[in-house]
Amino acid sequence: MKWPSEAFKNSLQEITGFGLENCIGANKCMEVCPVNRLGIDQKELDSVLVSGHWTDRVQTFVEECVQCGDCTLACPASVQRDHMVLALKQMLPEVPKPWRRYNALKGRQDRFWLIDLYNIAARVLYGRLGQYIDKTPLEQNDLLFYFGCYVFSPSKAPEATLKLADRIGLDYEVLAGLKSCCGWPQYLTGDMGYGQGMLQYLDGLIQQAEPKTIVTGCAECYVALLRLKKKTSAPWEVLTTPMWLLHHKDSLNWQKFPDPIGIHDSCHVSKKVGKPDPARELLDLMADRVELYQTPEDCLCCGYYNIHINDTLNRDLHQQKLQHLAKAGGKAMAVECVTCWEAFDKSFTDANIPLLEMMVAAEMATRSEGEA
Amino acid sequence: MPPRNLLIIGNGVAGVSAAQQARQTDPDCRITLLHKENYPFYYRSSLTEWITGELTSENITARTDSFYHAMQIQNISGTVTGVLPQEKIVQLQNGRELNYDALCIATGAKANKILYDGIDENSILTYRTKDDAERIKLEFLNEPRVLIVGGGVLGLELAGGLQRLGIEDVAITEYMGHIARPILDEGLARWLEAKIRKEGYKIYLDETIDHIEQDEAIFKSGKTHHFDLLIESVGITPTYPNIPGLETRKGIRIDPHGRTNLENIYACGDCTEMFNETTGEWQTTRIWYDCARQGRAAGTAMAGGAKPIKKQAVFNCSYIYNEKYSYIGEPHGEGDIYRYQHNDAHRKIHLVNGRLVGALLINDRHGTTPIYACVGKNLEEFGEDLAHPDFDWNAISGQDWDYRFF
């Protein structure tokens with residue numbers, strides 16, 4: 001399998017060139033962008049793309065872009081604006097410090113020795129999950145849970161997922177840890193080549209397990225796996241955690257939460273891949289669902305990446321989200337993606353509104369009496 | 001050796017694309033962009049949104065001031081009165097003369113105007129430039145009864161804008177049997193006509209205005225329609241300076257490099273025509289994307305490089321009325337046609353002898369870019385699956401075009 005970063009770069013250049021020539025200036029992209037706090041319009045981006053002459057405004061915007069893809073969905077001229085901003089990320093004059101911190105360890109093959117040191121402590125501190133952290137070699141199993149670096153997620157989604165699998169009586173293997181990062185952080189920072197390399201490494205790990213099904217609770221990991229599958233014509237299927245759990249819903253006894261719960265759509269799963277229904281179907285088993293928007297495409301992005309870059313920007317987004325939830329009559333909000341959960345966590349905690357990661361909620365909703 | 005002196009007449013998408021590409025080809029050359037309009041390069045395609053107030057003047061300006069400075073493109077305003085190819089001089093109305101080593105003509109086109117008995121020529125508005133849009137915008141303050149002549153893309157785009165603006169009394173008259181040619185085939189045109197009528201607008205088909213009596217248009221059929229504002233969208237005609245020896249017919253004739261028959265004189269955009277090998281005819285350029293491509297080719301050539309336009313399928317994505325569309329290649333005609341429809345989403349794929357020749361996607365436009373990349377490929381084996389939104393065009397195109405899976 002050949003994934004030269006040059007090929008990706010050329011593909012990106014082609015998409016960008018095409019976009020520059022096709023843009024008709026409708027500015028819908030920038031109107032729908034959830035992180036466009038500076039009021040950038042697309043000509044500012046195009047002017048930098050062509051001239052290479054950066055402005056502070058454009059540089060800030062490019063750093064804060066979370067690649068949600070709403071811009072491309074909104075464009076009447078079929079311009080892939082998210083890819084064009086990705087091209088700008090590659091062109092940034094310097095790598096911002098928060099990115100360097102964020103990417104310090106995840107998937108860094110040149111720092112595996114440091115990850116090994118980190119893992120010594122992690123395996124002790126993460127209880128039952130510890131045995132899976134960068135486990136090698138993986139054992140063959142038809143069912144592979146892919147947690148990647150979200151094995152460390154404060155959402156407790158990985159633990160809940162495994163509890164559910166045990167409750168159903170399934171046999172599985174787990175691929176987790178910093179070494180198995182999907183490459184998304186590198187994509188987001190414009191380091192496409194390295195991101196590609198990480199995905200290749202991940203492919204090698206997956207091949208050890210020879211799974212038929214891979215399940216993940218992170219939307220970015222899900223999209224990365226879909227990409228990997230396409231690139232390699234892999235025989236396995238990839239599911240989000242709600243998709244997976246729905247296959248086994250009849251093996252569990254469901255109880256409903258007392259209050260109505262609003263649903264937040266992940267940009268990648270609902271909008272880009274176009275699968276908003278599984279999370280809804282799962283939530284319907286355990287709660288009265290309320291919709292916050294007219295369609296899933298209208299859902300306001302969580303702004304995830306900006307918990308590292310511009311927390312204030314995210315806070316503003318989250319306040320809007322809380323208002324939308326209240327207006328819809330939801331008393332709590334469910335998310336199917338752990339990164340969405342991590343983005344919203346602090347804001348919802350401060351507002352005293354429950355934020356439920358879908359697997360955590362499902363685990364609670366299917367506990368038998370007396371089970372903790 | 002002194003830097004080459006490049007002069008481009010016209011600051012539309014073709015002229016600015018030429019300037020951009022000339023700079024990227026020759027970092028040292030001098031580039032002057034001469035323009036007649038009082039506005040910097042703007043998105044003509046977004047004038048409707050400017051009229052409705054959805055976009056500001058700032059929004060529709062297509063490049064920042066710092067862009068021209070960074071690219072070292074000098075913008076000057078002026079009207080060309082003459083070009084002397086032997087002396088390599090362009091003469092301006094204010095008496096100034098500009099020398100050049102290479103000249104690119106990107107003077108665009110003007111809106112056609114049909115005149116009628118009973119109405120002053122100046123009372124008929126056209127819709128092409130920002131000046132036109134300014135006039136129209138002012139008139140809309142009075143909430144007029146609007147009659148749009150021309151049911152093509154631009155006329156319908158304006159009608160869509162009026163609908164969003166809440167102007168209630170709007171009629172469209174089209175001399176052919178259905179609206180939206182050449183974008184929509186008859187079946188899809190009927191769908192759109194029904195939609196527009198349902199929203200309260202009138203459409204007159206197979207109709208032309210015979211004459212005007214005060215505020216009433218009298219059609220050749222005898223039907224009549226009252227209006228306050230008559231706006232015509234009836235096509236454009238290339239415009240260019242009169243240059244001795246320059247080969248022209250409808251437009252300035254160019255080759256894929258943007259070269260004219262005169263040495264050191266190039267042209268691009270709506271003022272040109274290019275030979276179409278497939279049809280064996282010379283064709284004018286009417287599409288924004290093609291104008292940009294021509295500009296790129298001409299800018300490269302005039303700066304000493306070579307990046308000719310390759311033969312490529314038509315590509316146009318925008319709004320028709322208020323519906324998004326992607327028009328690729330030749331979606332209509334003989335051959336195998338596969339359709340998909342769900343609510344207001346329509347997808348049409350056209351194969352000839354098994355090869356993809358075109359597609360038309362309305363509202364559901366998934367796969368636009370990879371479909372474009374697949375024109376010419378033999379896709380016979382896939383049959384009607386081709387029209388479905390979930391069809392994997394990326395896999396066929398061999399590239400990661402789809403925004404869903406970067």
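**Sheet and chain contact at a glance**

In chain A, strand S7 (residues 332-335) runs parallel to S8(A), and three bridges join the two. Keep in mind that this is a predicted model.

- S7 and S8 sit in an open sheet of four strands, ordered S6-S5-S7-S8, with parallel pairing.
- Strand S6 (289-290) and strand S8 (355-357) are the edges, each pairing on one side only.
- Helix H17 (residues 311-328) packs on this sheet and touches strand S5 (261-264), S6 and S7; its direction makes about 115 degrees with that of S7(A).
- Helix H19 (residues 358-365) lies across S5, S7 and S8, at about 90 degrees to S8(A).

**Where chain A meets chain B**

- Chain A puts 45 residues into the contact and chain B puts in 43 residues.
- Together they bury about 3,900 Å², with 55% of that on carbon and sulfur atoms.
- A:Glu21, A:Ile24 and A:Lys43 supply 18% of the area chain A buries against chain B, more than any other three residues.

**Polar links and make-up**

- Three salt bridges are counted between the chains, and A:Lys43 forms one with B:Glu58, with the closest N and O atoms 3.0 Å apart.
- There are also 17 residue pairs in polar contact between chain A and chain B.
- Helices of chain A that each supply at least two residues to this side include H1 (5-22), H3 (42-51) and H12 (219-232).
- By class, chain A's side has 18 nonpolar, 14 polar and 13 charged residues.

Note on methods: Residues numbered from 1 in each chain as written. Chains lettered and ligands numbered in written order. Predicted model: local features only at pLDDT ≥ 70, side-chain atom pairs only at ≥ 80, totals over all residues. Heavy atoms only, no water. Pairing = 2+ DSSP bridges. Contact = heavy atoms within 4.5 Å. Axes fitted to C-alpha atoms, helices over the stretch in contact; angles between N-to-C directions. Buried area = accessible area lost by both parts, 1.4 Å probe. Salt bridge = Lys/Arg side-chain N within 4 Å of Asp/Glu carboxyl O. Polar contact = N/O pair within 3.5 Å; in protein donor to acceptor, adjacent residues only side chain to side chain. Nonpolar A, V, L, I, M, F, W, Y, C, P; charged D, E, K, R; others polar.
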